[in-house]
Amino acid sequence: MATRLKTVLQQQHLQTHTAFCREYDKIAASIDPDLVGSAPRRSQFHRWLSGDVKGLPYPHHCRVLERMLPGYTATELFASDSQVRTERSLSAAAGSVAEQHGELPESSPPSVGPAPTTSPSRRVPQLMQLPPDTHDFTGRDEQVSVLASQLAGTPGRAVPIATIVGPGGIGKTALATHVAHTLADVFADGQLYVNLRGVESQPLSPGEVLSGFLRALGLNGSEIPEDLDERARLFRAQLAGRRVLVVLDNAAAENQLRPLLPGSPTCAVLVTSRSPLAALSGSHTLNLGVLPNDRAIALLTRLIGPHRARAEPRALADIARLCGYLPLALRIAGARLVSRPGWTVAWFADRLADKSRRLDVLKAGDLEVRASFDLSYHGRNAAERQTFGLLSLTAATFPAWNVAALLDIDLAEAETRLEQLVDAQLVELAGTDANGTVRYRLHDLMRDFAREQASSQGSADDRRAAAARLVDRYLQCAHVAATELHPDANELPRDIFSGHNPAHLAQVDPRSWFTAERSNLLAAVELAHELELWDSTFRLTAALPPMFDWRADWQTWDRTHELALHAAQKAGNHRAEATTLRSLGALYRELGRYDDAVDKLGRAAAIFQDLDARSEWAATLRLLGDTFRYQGRLHEAITHFSTALDLADSGSDTRIAAGIHNGIADASRGLSRWGDARRHFDTTLAIYRSLADRLEEARARVRYGLVHRDRWHNDQALQTFETALPIFHEFDDQRWLARTRRHIAVIHRNEDNIARALPLFAECLTRFAKLSDRRGIAVTLRNRGDAYRLAEDYLAASTDLAEAHAIFRSLGDQRWVARTHLSLADLDRRNQRWDDAIHGAKTALDTFTAIGDRPGEARTLRQIALIHRDAGELTAATTALASAHEIFAELHDHLWIARVQAGQATLAEAQGTDPTPEMHAAHATCQGLGITGHRLRLVLREW
């Protein structure tokens with residue numbers, strides 16, 4: 001019995017197979033290009049016309065037919081003519097009755113979307129395959145907005161595809177599911193979902209997935225082709241013109257995805273994967289990272305409840321940090337706390353703090369961080385797994401040459417392995433450093449996992465050997481960088497400077513290299529110490545002081561040297577022990593911890609003496625002399641310098657001798673022994689000239705300029721400083737360039753030329769900031785604060801001095817903290833805050849007394865006298881001035897004696913007596929120093 005289709009095709013002159021296929025392809029192209037060529041074969045076409053079919057043909061055939069033959073449904077077309085006439089009569093009658101009873105509107109709304117394609121006996125089930133949304137989903141608002149806009153925009157010519165990429169546990173599936181639920185109204189025809197099992201040993205094949213999708217779309221098994229391409233075409237045909245969102249979770253690679261993509265732009269695809277899927281054409285990739293700190297805490301708060309979170313906010317923040325802000329770890333931590341209401345948040349944070357057990361703790365039910373990481377790890381080959389395990393020996397971020405050293409492979413192979421691990425989401429790209437070197441990193445929890453894997457790979461000796469290679473490579477690089485920063489160091493073999501060797505970067509730009517590798521150098525010292533590589537520990541540490549000194553990185557200096565000292569003692573290496581003690585003594589001297597400095601340097605000197613290591617002994621005594629000089633114990637300083645000089649001369653170590661002469665010269669300057677100061681500075685300069693060391697000669701010249709500055713021979717001082725500047729530019733010695741410019745600014749300040757001084761101070765702050773030299777910044781701020789104090793801009797002065805004080809305190813530099821207290825006390829005096837002024841000055845005095853800084857004591861006593869005088873406490877002022885005068889006389893510091901004499905003159909005036917004798921004495925003292933004219937007023941003013 002012929003179908004209605006035969007009659008309709010005859011009416012349209014399409015009853016031949018050739019004519020039908022031509023029209024079919026024309027209509028199919030307007031629906032979906034993939035449908036072109038899918039017309040029925042000749043035998044199948046004649047069965048359609050004769051009615052020899054069971055049910056309806058493929059849905060895509062029905063869709064094209066309904067578009068070719070408007071006014072007919074597929075059900076009508078494949079029914080007999082008589083059946084169609086009967087159904088239409090009944091339908092018309094029913095419509096008439098309904099209209100009479102007011103059950104139909106006057107006109108039906110236009111059809112929206114495609115016509116139905118199934119018979120009443122086979123309905124397409126609702127496509128609602130999404131996993132449930134997470135009720136406490138939080139922290140990804142921006143990502144949700146971006147994905148929604150990419151997927152739900154006005155349909156264009158291409159299918160919108162969004163890909164969420166990230167490591168295991170980062171929350172890709174939760175984000176994709178949440179976005180899909182959010183867009184449910186937009187994709188009104190439903191959502192298809194599948195877990196592609198991309199990181200498992202046997203990911204789902206595209207054919208399996210398509211079979212499931214086609215069944216979900218209403219097809220039975222007999223209608224699903226065996227061929228993958230046929231299935232893909234049928235799948236695209238099923239979705240043509242529909243608003244369906246396809247969620248492909250946990251994809252392995254692009255070739256798994258391509259057959260699963262719809263062809264109709266009315267659909268959209270949301271993919272998640274641990275792989276980057278760079279070859280998936282047309283996809284918008286969202287690289288998902290860990291949650292920001294505040295959002296991680298917000299997630300934990302939602303999980304455990306606001307009351308419990310508010311009770312222990314610090315512990316909650318610790319848990320977020322220890323979880324590495326990884327959503328999976330945060331959810332597990334929250335679940336464990338919820339399951340144990342008797343636990344305090346702090347107790348659980350303490351358990352997480354143990355890195356050896358952290359992954360054991362992060363397990364709740366079927367959720368486990370370790371298992372998530374394990375899926376990625378076991379999908380890698382043996383070489384990649386070995387590489388990953390040894391990455392537990394690296395610092396927080398690391399360059400590829402670290403891996404080359406650990407594995408003893410070439411750099412190209414190391415880079416290849418790292419990139420493979422990046423693609424596997426086991427390693428992250430951390431960006432590029434100041435040298436333009438690509439750096440990598442491990443998430444904190446991934447590092448714990450790598451440490452576990454390393455323990456099961458090879459032996460402990462293998463790991464120690466790998467660590468030793470890495471530390472030794474850092475030692476080589478540190479020596480190269482130190483040589484560049486201090487050209488007087490021993491020259492190294494030139495064959496290490498090839499562009500393929502990491503030492504090349506240290507040689508080309510040592511400051512940038514040190515900046516990039518600072519954390520790694522500390523980590524290398526800690527690693528060597530942890531693995532009991534005693535020789536490597538103290539050898540690497542001994543190479544680092546030039547970096548610490550340049551960056552004023554005192555805390556790292558202290559940390560590494562304490563480890564090195566322990567290593568030297570464990571190894572029984574007395575020379576290394578003494579060298580480390582000497583370096584610690586130099587550090588404590590810089591920090592104003594003079595008692596500790598004297599202790600460490602004394603112990604080092606004794607060891608070198610026992611070893612008859614005369615050069616090292618001399619260098620240590622020189623540092624002891626510098627320590628006493630810093631304290632103002634100038635006679636003791638010269639005694640130690642003299643002993644050191646005898647040792648250096650006997651050993652013909654001219655470079656050490658030059659440093660000792662420099663120390664004697666500076667101590668003599670402090671004692672106003674100008675002739676001795678000039679003689680020893682001249683000797684220092686002559687030695688450096690004989691060594692052709694122009695850089696150290698320039699540095700000594702700047703110190704020589706301070707003799708002129710202290711005597712208020714400012715013109716000569718400026719000329720000396722400016723002569724040194726071109727040398728510092730030539731050698732790119734930014735630190736001494738900044739120091740010298742600061743000395744010049746101080747001279748302009750002292751000359752009351754504040755307008756010239758302030759821009760120079762600002763320039764110095766910029767230079768010190770680029771060097772990360774916090775001490776240089778603080779000294780400059782203190783100098784500039786004093787300039788503002790002179791200019792009576794007390795607000796600006798207070799701001800600079802307070803910031804300088806905070807930095808000095810953080811550095812632990814007692815001497816400079818006390819000096820800044822003294823400047824702040826004078827501000828309080830000028831603002832008539834007498835109690836605050838006395839408190840600040842006495843705090844400074846206590847510090848100077850404790851560290852033995854006699855010049856500091858004397859200057860503070862003078863300041864206390866001025867405060868008492870202005871407060872009307874004249875007897876106390878007299879006593880303080882007398883004490884200050886006594887110390888300055890002991891130090892032979894005639895300039896400051898003149899200032900005390902000027903103070904005594906103003907005190908006499910306040911007491912109602914004649915100030916003239918004291919003021920004449922002050923002028924006479926200055927004139928004896930060569931200070932005359934307008935500079936008398938500048939020298940003797942009170943500030």
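Colleague: How many aromatic pairs does the count come to?

Modeller: A pair requires ring centres within 6.5 Å. By this rule, the count for the predicted model is 18 aromatic pairs.

Colleague: Are the planes of Phe20 and Tyr24 stacked, edge-to-face or tilted?

Modeller: The ring centres of Phe20 and Tyr24 are 5.8 Å apart, and their planes meet at 40 degrees. Planes under 30 degrees apart count as stacked and those over 60 as edge-to-face, with the rest in between. The pair of Phe20 and Tyr24 is therefore tilted.

Colleague: Which helix holds Phe20 and Tyr24, and are the two residues buried or exposed?

Modeller: Phe20 and Tyr24 are 4 residues apart, so about one helical turn separates them in helix H2, residues 17-31. As for accessibility, both Phe20 and Tyr24 are buried.

Colleague: Which parts does the pair of Tyr377 and Phe388 tie together?

Modeller: The rings of Tyr377 and Phe388 form a tilted pair, with centres 5.6 Å apart and planes at 50 degrees. Tyr377 is buried at a relative accessible area of 4%, and Phe388 is buried at 0%. The two residues lie 11 residues apart in sequence, so their pair ties together helix H18 (residues 369-377) and helix H19 (residues 382-390).

Colleague: Which residue has its charged end over the ring of Trp736?

Modeller: A charge sits over a ring only if it is within 6 Å of the ring centre and within 35 degrees of the ring normal. The charged end over Trp736 is 4.9 Å from the ring centre, and it belongs to Arg739.

Key
Residues are numbered from 1 along each chain as its sequence is written. This is a predicted model: local features need pLDDT of at least 70, side-chain atom pairs count only at pLDDT 80 or more; totals for chains, interfaces and linings use all residues. Side-chain values use heavy atoms; hydrogens and water are left out. Rings of Phe, Tyr and Trp (its six-membered ring) pair if their centres lie within 6.5 Å; planes under 30 degrees apart count as stacked, over 60 as edge-to-face and the rest as tilted. Buried means under 20% relative accessible area, exposed over 50%, partly exposed in between (1.4 Å probe, protein chains only).
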